[in-house]
Amino acid sequence: MTTAALRRPALNMSVGPYLAAGLVVLFLGAFLVVPVLKVIQVAFQDPATGGFTLVNFQDFFASTLFRQSFYNSVYVAGMSVVIASAIALPLAYFTTRFNFSGSVIIQTLAFVPLIMPPFIGAVAMQLLFGANGSVNLILRDYFGITIPFMKGLNGVIFVQSLHYFPFILINLSASLRNIDRSMEEAAQMLGSSGVRMFRRIVFPLAMPGYIAGASLVFVKVFDDLGTPLLLNVNTMLAPQAYLRISSVGISDPMGYVISCILIVFSIFAMWVSFLGMRGKDYSTTQKGGGGLSRRDLTRREAVLCYIVVLMILALVLAPHLGLLLLSFGTVWSFGVLPDGFTVEHYETALTSAWGFIQNTLLYAGLAGLIDIIIGTAIAYLVLRTNIIGRKWLDYMAVSALAVPGVVLGIGYLRVFYGVEMPVTGQPLATWWGIIVIALAVRRLPYALRSCTAALQQISPALEEAAENLGASKLRTVRRVVVPLMVSGLVAGFVTSFATAAVELSATIMLVASEKDAPLAYGLYLFMQSAAGRGPGAALGIMAVIIVGLATYLSHRLVENARHNQATTANQGGGH
Amino acid sequence: MNMPVKSVTTHESPQDVKPGAVEPVEIDIRNVSLSFGATEVLKGIDLKIEPGEFFAFLGPSGSGKSTLLRAIAGFGPTPKGQILLGGQDVVGMAPWKRNVGMVFQSYALWPHMSVARNVAFGLDERRVPKAETERRVKAALEMVGMSQYAERYPSQLSGGQQQRVALARTIVVEPRVLLLDEPLSNLDANLRVQMRQDLLKLQRRLGITTIFVTHDQEEANTICDRIAVMADGVVQQVGRPDDVYDTPANAFVASFLGTANVLEGSVRKEAGGSVFVLHSGIALPCAENASPGAGKLVLRPQSISFGGSSENGLKGTVMSAEFLGGMIRYAIDVAGQTLLVDEVHTRGHGRRKAGEQVSLKVRHQEGVLIGG
C-alpha cells in the first residue's frame, strides 16, 4: 500500500533540490547541531585549560546537591509514568472495548496537554491541593486528615502525571484500536476468552503503543523546567541547570554537564520506545480487517465506568478550574474558595501584560511560518526527490525532539553571545529573533510531521498527470501540490504556533529584557509574587483560550481535509 | 502435506465435545435470519451441509455469505433460527465453546508469537500436555508443509505461508467443522490455483465438513462438492457446481456463474414442439415440455455456433470480438438483440471482422427457461 505513495516521479532537475537542501542544512546546522555539540563539548572541557576532561562529571557526582537533583529527576519522571499509566489504562480500555458514550469526553482529554503546559496550572494546583488548599481544608474539617498531594516532589509528580497521562492514553488507545478484530476472534475460535485472552493476545499487541506513550511522558517530565520552578522545587536537574547558568554564568560547567545528562536520558527514552516499536507494526494490512470488537456495557458497569471517568475528569480539569478561580478571585488564602470575585486581574493583565501578548503572537507566528516552510521543503525533498542524503534531513530535523529546551537555550547563549548583530552591535544571543529561531527549531518536528502526512496523502499520479499535461516541476508544485497540502500546512502551522506560544524552557534562558519577553515568561514573572498571581492567572486563561482555539482550528482543518481526501484518495494505487 | 493430524490420545477439552467428535458432522442451518440495525443481512436461510462435504457459499460482496459463516463460528450479532452442528444447536453459544475452526480472510496470525506458538495456542487453551502439544504442532505444520518455519514470526512469512500456518493453527485443535473465509483472496493468481488444490487435498485427508466462502465462481466450481449461491441475504440456489451452471434457477445465478445470454420473450407451442420467441420475433428452440407464457431463456455463449443452415439459422452482424485465449467471444447483433457467441480459437485463424454477416445456430435443448 505504500509503494504508490513512495514512488518518485523521475527527476530532471538537479540544482534546485540541492540548493533547498543546502539552505535547510545550513539553518539546522547553525541553530541545532552547532549549539548542541557546543554544549557537549563544554561539558567535557577543562574550564581552565580547555583540554578534554571528565573532571566536570566527577565534580557533578561529588556534589550532594547534584546527586540529589539527579535522583529526584529520575524518581519524579518514573513516578509520573506510573501514576499517568494508572489513570490512562482504564480510560483506554473503556473507550476501545465498550460501546460507551463517555468515550467522546475521554478522547477530548487527549488535547489537554496541548492546550496548556503544566506550569501554568501549577500555582492553581497549589491552592486547590496544597497543605492549606481547598481539598485539604475540606478533608481536615470533615475527616481530620490531610493528604500531602503537593508536598515537595509529590507536587511535581501530581501536576505532571495529571497533565501528561493523555500521551499514554492516545498511544495505547491507538494501539488497541489497531488490533484487528480477527486477532481476538481467532483466539476465541480456539477456545480462549476473558482475562486469559486479554493477557495472551490483546495486551501484548497493545504493548508497543504503551511503551511509546510511557517513554514520551518520562522524557517530557524529566526535561521540564517550568513546573518545578513554579512549584519552587529546585533540587531537580532542569531547574539546577537554569539556576547555575542564570546565577553563576554561562562559563560554569555544571549547566553543561546537566545538559548532557538530559540529552542522554532523552535519547535513551527514544531508544526504548524505538525498541518497543521495532518490527512490531501490528496493524493489519491484509484485506478483511476490522477494529477490535466492542461490547455493550450492562447498566451497573456503565454507572461504574461513568464514576471512574468523572473522577478522573475532575482531577484533570482541576488546574484549569483552579486557574479560572484564581483569575477571578480577590484574595484566596486559607479558604476553599476565593473570598470574592472581580475582573480586575484581567484589566491588570491586559494593560501591564499587553506587550507579552503582542510578543507571543509575533514570535509564535514567525516560528510557525518558518516551520512550515522548512517542513514542506524537507517533506518534499524526502518523499519526492532522489537527492543523496535526503533521509538525513529528516533525521536532523526530528533530532530536535531529543534536545530539551534548557539545553538548546544554554547552547544558544554559549554560541551566539560572542556573535554581534550587524547594525546594532548587540550580541546575537540577546536579540529577540533568536527566541523565534529557538521556538522554530524546537517545534519543527511537529510541523514536519504534518507536512509529511499532507504530502503522503497526495498520490504522485496527481503530479504526474500535471507534468503529463505540460506543467513544469515548479509549476506542478505550485498549482497541484501546495493547494492540496494547504490544510495540512495550516494544521502544522497552528500546532507549531500553539505549542510555541506557551513554551518556557528555552525562552526563559533567552529572554534578555522584559520588553522582549513572551507571554509564558510574563506568566512566570507574575506567578513569583502573591500579588501577581491574580493577573498571572488571568494571563494564563488568555493563553489557554488562544491555544485552545488554535488547536481546535487545526483539528477541524485536519478532519475536513481527511474527509475530503477520503472521497478522492485510495482510487488506484492498490493495497 | 503427508500426515494426518488426528491425535491418538484423547484429552480433556473445555468444549462440550465428546471424544470422537472429530468424526465429520452435519451442519444444519434452519431459518436463520440476522440484522445489523435496520438492515436485514440474512433472510431466513435454510441449508443442510452433509458430513464431510466441501461446501461453498458463493456470492457477491454484501450477499451475506461471510455473515452466515461468522454466525456459524459465533461472531457478530446472535441470529434468529437454529444452527445445528452434529445435532447440537450452537446459536447463543460463546465462540470459544463451539470448537469450530475458522481461517480468517486476513489469516489473523498473532504477530507477537512465532509460528509454533501460534499453532500451539489452541492446544494451550485446552490444557493439552506439553509433550503432546509439541507433537501435534509438529504434525500440523508438517501437514501444511511449514515444518521448517516453526520458529519464524508471521511478518517473516509470505502470504501463502501465512495462509498455511493459519490452516495448521485451525486444524491442530481438531475442530468439528472447518470454515474458510475468502481464504485465497490475499494470494496472487498463480498461488491461488496451487493453494486451492492443496486445500482440497487437505480437506479430503481430514474428512472434515468444510465451508468455503468466496465471491469467485471458479474457486467454488473447481474444489467444492456443492455450492450455495447467495444474493441479498437469500440462498438463490444450492447444488453441484455443474448442475447449478447448467440449470440456473434465475437470471442472477445464470449471470453470476459464467457468462449467459438472458433473453426475454415467451414460449409458444408449435407443430414440432415449443419455441421461445423473442420480442424481436426471432424464434429459438427450447425444451419440448415448456409451458406457454412469458419468461426468460438462458443461453450460454458456447451453446450458439456459427454456420447454421438456412432453415433454423439466425442472421446476424458481428459487432465486436474479445480474444479470450482458448476462444473468441463475439457480440452478434440479431435483429436488434445482442447475442454473445463463443467460438473455439485455433491457431492461424483470424477473427471475424466487425460488420461481417454471419448465420448462427442454437443447439437444441441447451437453452434453459427460467421464471420472470
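This tour moves through a predicted model, one selection at a time.

Residues are numbered from 1 along each chain as its sequence is written, while chains are lettered from A and ligands numbered from 1 in the order in which they are written. In this predicted model, local features need pLDDT of at least 70 and side-chain atom pairs count only at pLDDT 80 or more, whereas totals for chains, interfaces and linings use all residues.

**Stop 1: two helices of chain A**

Select residues 15-43 of chain A, which form helix 2, and residues 405-416 of chain A, which form helix 19. Helices here are DSSP runs of H or I with at least four residues, strands are runs of E with at least two, and both are numbered from the N terminus. The two helices pack at an angle of about 85°, with their axes 8 Å apart. Axes are lines fitted to C-alpha atoms, for helices over the stretch in contact, and angles run from 0 to 180 degrees between N-to-C directions. Helix 2 and helix 19 of chain A are therefore roughly perpendicular (65 to 115 degrees).

Display the side chains next. Among the residues that meet are Val34(A), Pro35(A) and Val39(A) from helix 2 of chain A, and Leu408(A), Tyr412(A) and Val415(A) from helix 19 of chain A. Contact requires C-beta atoms, placed from the backbone, to lie within 7 Å.

**Stop 2: helix 4 of chain B**

Select residues 159-171 of chain B, the 13 residues of helix 4. From first C-alpha to last, helix 4 reaches 19 Å, close to the 18 Å expected at 1.5 Å a residue (1.5 Å times one less than the number of residues). Ten of its 13 residues are buried, so helix 4 of chain B is largely enclosed by the rest of the structure. A residue is buried if 20 or more other C-beta atoms, placed from the backbone, lie within 10 Å of its own. The buried residues include Arg164(B), Leu167(B) and Ile171(B).

**Stop 3**

Turn to the open sheet of five strands in chain B, ordered 15-19-16-17-18 with antiparallel pairing. Two strands pair if DSSP finds at least two bridges between them. Then select residues 357-362 of chain B, strand 19, which pairs with strand 15 over three bridges. Ser305(B) stands opposite Lys361(B) there.

Technical notes. Buried ≥ 20, exposed ≤ 12 C-beta atoms within 10 Å, placed from the backbone. Parallel < 35°, antiparallel > 145°, perpendicular 65-115°, else oblique. Contact = placed C-beta atoms within 7 Å.
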